[in-house]
Amino acid sequence: MPTNLTLGEFIIQNQEHFPYSSGELSSLINAIRLASKTVNHEVNKAGLVDIVGAHGETNAHGEDQQKLDVLANRVFIKALQNREIICGLASEEEDDFINFDIDSKANNNKYIVLIDPLDGSSNIDVNVSVGTIFSIYRRVSKLGAPAQMEDFLQKGHAQVAAGYVVYGTSTMLVYTTGKGVHGFTLNPALGTFYLSHPDMKFPKSGSIYSINEGNYFHFPEGVKLYIKYCQASGVNRPYTSRYIGSLISDFHRNLIKGGIYLYPSTKNHPNGKLRLLYECNPIAFLAEQAGGKATNGYKRILDINPKQLHQRVPFYCGNTEMVNRLEGFLAQ
Ligand code: AHM
Ligand code: MG
């Protein structure tokens, strides 16, 4: 039920749920809120940039898009660094994690962030929704020193918060701190996010499957069998196939309408395409908080022990009963 509650008010109200909270996590989510508004503004101008050119020049097709990735990356890094709450950040756009210890006070900050600043950005050119994905952990290395790799390579179940921003027909910020999933819609006239989707849950059963079927011949046998199951007649079947190719948009739709998202191993991506730390883990945390499930086909995503910052993993996520059935086919 939509309310008049703004994201800012909601964050303050929910701070009480963390009895020992010093308000840092709230401030961190506030920083993400602020940065997402800036990125939203830039994403909405994307078509115009093609006409007027970025920085006053007309750029070659494709370059602007890349610029938007880079710009989103910069905006989020700056917003998060300014708040002095995190000691380091890892991003899809950066080879290594960034330590914020240029300002030595940052060594005393207890959170780290992993982020995909603009996922699905190849869609910008054709006016299709893109998104930002974020994942927040408490550091495990000792306070007072720079962030370490071990702070970023934590299992997904250690996340303290995660969420995404979808820059769609309307812009929404959806996040969890482990107490349900809540969605906020931006009123662009006021620049304010309002609670529009409190306590989001997957419907009991789903009938949408989302997969890049162009890779069909290279999928594992179990996935091929599952696709045939989706297409066969039965209760609620054949399912509907919907694939945007923008993870956040596909997940967001499936969360609201009921569905499963699949990115298996393929010829070009033998370990799947999606990245464990800043794409799969945050989405898996949200999915579980919404009563859904996320696995690599055999194991819970949130239990995978990460070895590398940019590690990829096969990803199956959505309504629990759909993911269970898929796992059944994979186990055959
Ligand atoms: P990106 O991080 O380079 O944007 O790629 C991730 C995107 C996801 O948003 C989307 O689900 C997937 O790649 C689509 O891949 P494909 O085009 O292979 O179906
Ligand atoms: Mg990405």
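Two strands pair if DSSP finds at least two bridges between them. Keep that in mind for the first stop. Helices (H or I, at least four residues) and strands (E, at least two) are DSSP runs, numbered from the N terminus.

Some ground rules. This is a predicted model, where local features need pLDDT of at least 70, side-chain atom pairs count only at pLDDT 80 or more, and totals for chains, interfaces and linings use all residues. Residues are numbered from 1 along each chain as its sequence is written, chains are lettered from A and ligands numbered from 1 in the order in which they are written, and side-chain values use heavy atoms, with hydrogens and water left out.

First, a hairpin. Strand β7 (residues 181–187) runs antiparallel to strand β8 (residues 192–197), and five bridges join them. Asn 187 has Thr 192 in β8 as its bridge partner. Four residues sit between the two strands, and Gly 191 in this hairpin takes a positive phi near 70 degrees.

Now the sheet. In what order do the five strands of the open sheet come? The order is β10-β9-β11-β13-β12, with mixed pairing. β10 and β12 (293–295) are the edge strands, so to speak: each pairs on one side only.

Look at β11. Strand β9 (residues 208–210) pairs with β11 in the parallel sense, over three bridges. Tyr 209 has Ile 260 in β11 as its bridge partner. On the other pairing, β11 and strand β13 (residues 315–318) run antiparallel, joined by four bridges. Tyr 263 is bridged to Phe 315 in β13. Tyr 261 stands opposite Cys 317 in β13.

Is β11 buried or exposed? Buried means under 20% relative accessible area, exposed over 50%, partly exposed in between (1.4 Å probe, protein chains only). Five of the five residues of β11 (residues 259–263) are buried, so the strand is largely enclosed by the rest of the structure. Both faces are covered: Gly 259, Tyr 261 and Tyr 263 lie on one side, Ile 260 and Leu 262 on the other.

Next, the metal. Donors are N, O and S atoms within 2.8 Å of the metal (3.2 Å for Na, K and Ca); water is not among the atoms, so sites may look incomplete. Which residues coordinate the magnesium ion (ligand 2)? Glu 92 (OE), Asp 116 (OD), Asp 119 (OD) and Glu 279 (OE) do, at 1.9 to 2.3 Å. Asp 116 lies in strand β3 (residues 111–119) and Glu 279 in helix α8 (residues 276–289), so the pair ties together parts that are 163 residues apart in sequence. Asp 116 is buried, at a relative accessible area of 0%. Glu 279 is buried too, at 3%.

Last, salt bridges. A salt bridge is a side-chain nitrogen of Lys or Arg within 4 Å of a carboxyl oxygen of Asp or Glu. By this rule the count is nine. One of them joins Lys 110 to Glu 24, with the closest N and O atoms 2.7 Å apart. Lys 110 is in the loop between β2 (98–99) and β3, Glu 24 is in helix α2, and 86 residues separate them. Another joins Arg 300 to Glu 288, with the closest N and O atoms 2.8 Å apart. Arg 300 is in the loop between β12 and β13, and Glu 288 is in helix α8, twelve residues apart. Glu 288, Arg 300 and Asp 303 are linked in a network of salt bridges.
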